[in-house]
Amino acid sequence: MIRALALFAGLALAPVAGAQERPWTPLPSPVSATCPGGLCQPEALEGFFTALDGSGPVRVVQFGDSHTAGGDITTSLSWRLQGRFEGREIGISARGVVGATLSGLAAREPLLEPGEAAPDLIIVAYGVNEGFDDALQPQVYEALLWGQVARLRAAAPGASLLILGAPEAMRGDGGGTCADDPERRWNVPAMLAVVRDVQHRVAADMGVAFWDWRGRMGGDCSAHALTLGDTPLMRGDHVHFTQAGGDWIGSLLFADLMAAHDQRGGR
């Protein structure tokens with residue numbers, strides 16, 4: 001499978017083959033330190049913001065894994081956008097598949113449905129399942145992400161692109177360090193940070209907006225902390241959000257998008 005991904009990436013990436021040759025180096029943690037307001041490269045969303053300020057319908061498509069398939073996050077974002085821009089037709093299509101990785105997007109042909117209206121914003125929300133793959137090859141993943149961003153741009157030239165950095169998630173096989181986990185059961189897969197840093201790097205290099213999902217959750221140990229309390233925001237698996245948690249994440253994303261929208265003079 002890895003060989004197949006590498007072959008696909010090489011074929012798709014002739015113009016940017018140099019991206020595959022750069023060694024992976026970690027970014028500062030949490031990534032939010034480099035993303036003011038949780039959002040990096042907000043200028044890449046100008047097309048989407050302009051559409052919001054206009055009078056026509058606004059279309060958003062989100063590709064992703066179970067976080068997208070569940071629908072709570074996209075529903076939260078959708079109704080908040082509609083509340084802010086009252087009377088506007090704003091549609092969000094959530095195209096998520098449980099267990100999906102970015103390779104699922106690579107296998108999707110065509111990327112957009114035949115005859116559908118061109119989107120104003122495409123959100124790419126993968127990374128958790130890759131992060132749980134201890135055999136993931138960072139350079140192969142980086143090349144694959146470069147290729148998929150290029151494909152999306154070709155499929156929807158007028159759309160803004162936003163990569164959601166992989167959220168914090170944990171596995172329960174011991175070795176944890178969280179203070180509120182006395183049994184030290186929950187730990188973060190090492191490759192999850194690699195995935196997130198590659199996403200951040202590619203977004204910066206290609207001029208794509210990047211949202212620091214992990215940082216906005218609370219950073220270290222947030223996937224455990226959010227399972228606690230009377231109204232948990234994450235399920236006991238430390239990977240998936242509750243309905244309340246999905247609504248909360250959607251509200252954070254909305255707030256950061258609107259802060260960027262308003263800062264550049266939108267109304």
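1. Axes here are lines fitted to C-alpha atoms, for helices over the stretch in contact, and the angle between two of them runs from 0 to 180 degrees between N-to-C directions. Two packed helices are described by that angle and by the distance between the axes. The model discussed in this note is a predicted one.

2. Helix α4 (residues 72-84) packs on α11 at an angle of about 45°, and their axes are 7 Å apart. The two helices, α4 and α11, are therefore oblique to each other. Their crossing is right-handed.

3. Which residues of α4 and α11 meet? From α4 come D72, I73, S76, L77, W79, R80, L81 and R84. From α11 come Q243, G246, D247, I249, G250, S251, L253, F254, L257, M258, H261 and D262. By class, the residues of this contact of α4 with α11 are nine nonpolar, six polar and five charged.

4. Helix α11 also packs against α2 (residues 46-53), with an angle of about 85° and 10 Å between the axes. This makes α2 and α11 roughly perpendicular to each other, because angles from 65 to 115 degrees are classed that way. On the α2 side the contact uses F49, L52 and D53, and on the α11 side L257, M258, A260 and H261. The residues of the contact of α2 with α11 divide into five nonpolar, one polar and one charged. A student tracing both contacts can look at L257, M258 and H261, which are listed for α11 in its contact with α2 and also in its contact with α4.

5. A further helix pair is α7 (residues 138-155) and α8 (residues 190-206), whose axes come within 10 Å and cross at roughly 40°. Helices α7 and α8 are therefore oblique to each other. The crossing of α7 and α8 is right-handed.

6. In α7, the residues that meet α8 are P138, Y141, E142, L145, W146, V149, A150 and R153. Their partners in α8 are M191, V194, V195, V198, Q199, R201, V202, D205 and M206. By class, the contact of α7 with α8 has 12 nonpolar, one polar and four charged residues.

7. How many aromatic pairs does the structure hold? There are three. In one of them, the ring centres of F48 and F49 are 5.9 Å apart and the planes stand at 40°, so this pair is tilted. Are F48 and F49 buried or exposed? Both are buried. F49 also belongs to the contact of α2 with α11 described above.

8. W213 and F241 make a stacked aromatic pair, with 6.0 Å from centre to centre and 20° between the planes. The pair joins distant parts of the chain, 28 residues apart. W213 lies in helix α9 (residues 213-217), while F241 lies in the loop between α10 (222-225) and α11 (243-263). W213 and F241 are both buried. Ring pairs also bring in W211, giving a cluster of W211, W213 and F241.

9. Some totals for the chain close the note. The chain has 11 helices and six strands. Of its 267 residues, 52% count as buried. What share of the contacts between residues at least 6 apart in sequence joins residues at least 24 apart? The share is 79%.

How values were computed. Residues are numbered from 1 along each chain as its sequence is written. This is a predicted model: local features need pLDDT of at least 70, side-chain atom pairs count only at pLDDT 80 or more; totals for chains, interfaces and linings use all residues. Side-chain values use heavy atoms; hydrogens and water are left out. Helices (H or I, at least four residues) and strands (E, at least two) are DSSP runs, numbered from the N terminus. Angles under 35 degrees count as roughly parallel, over 145 as roughly antiparallel, 65 to 115 as roughly perpendicular and the rest as oblique. A crossing is left-handed if the near helix is turned anticlockwise from the far one by less than a right angle, and right-handed if clockwise. Contact means heavy atoms within 4.5 Å. Ala, Val, Leu, Ile, Met, Phe, Trp, Tyr, Cys and Pro count as nonpolar, Asp, Glu, Lys and Arg as charged, and the others, Gly among them, as polar. Rings of Phe, Tyr and Trp (its six-membered ring) pair if their centres lie within 6.5 Å; planes under 30 degrees apart count as stacked, over 60 as edge-to-face and the rest as tilted. Buried means under 20% relative accessible area, exposed over 50%, partly exposed in between (1.4 Å probe, protein chains only).
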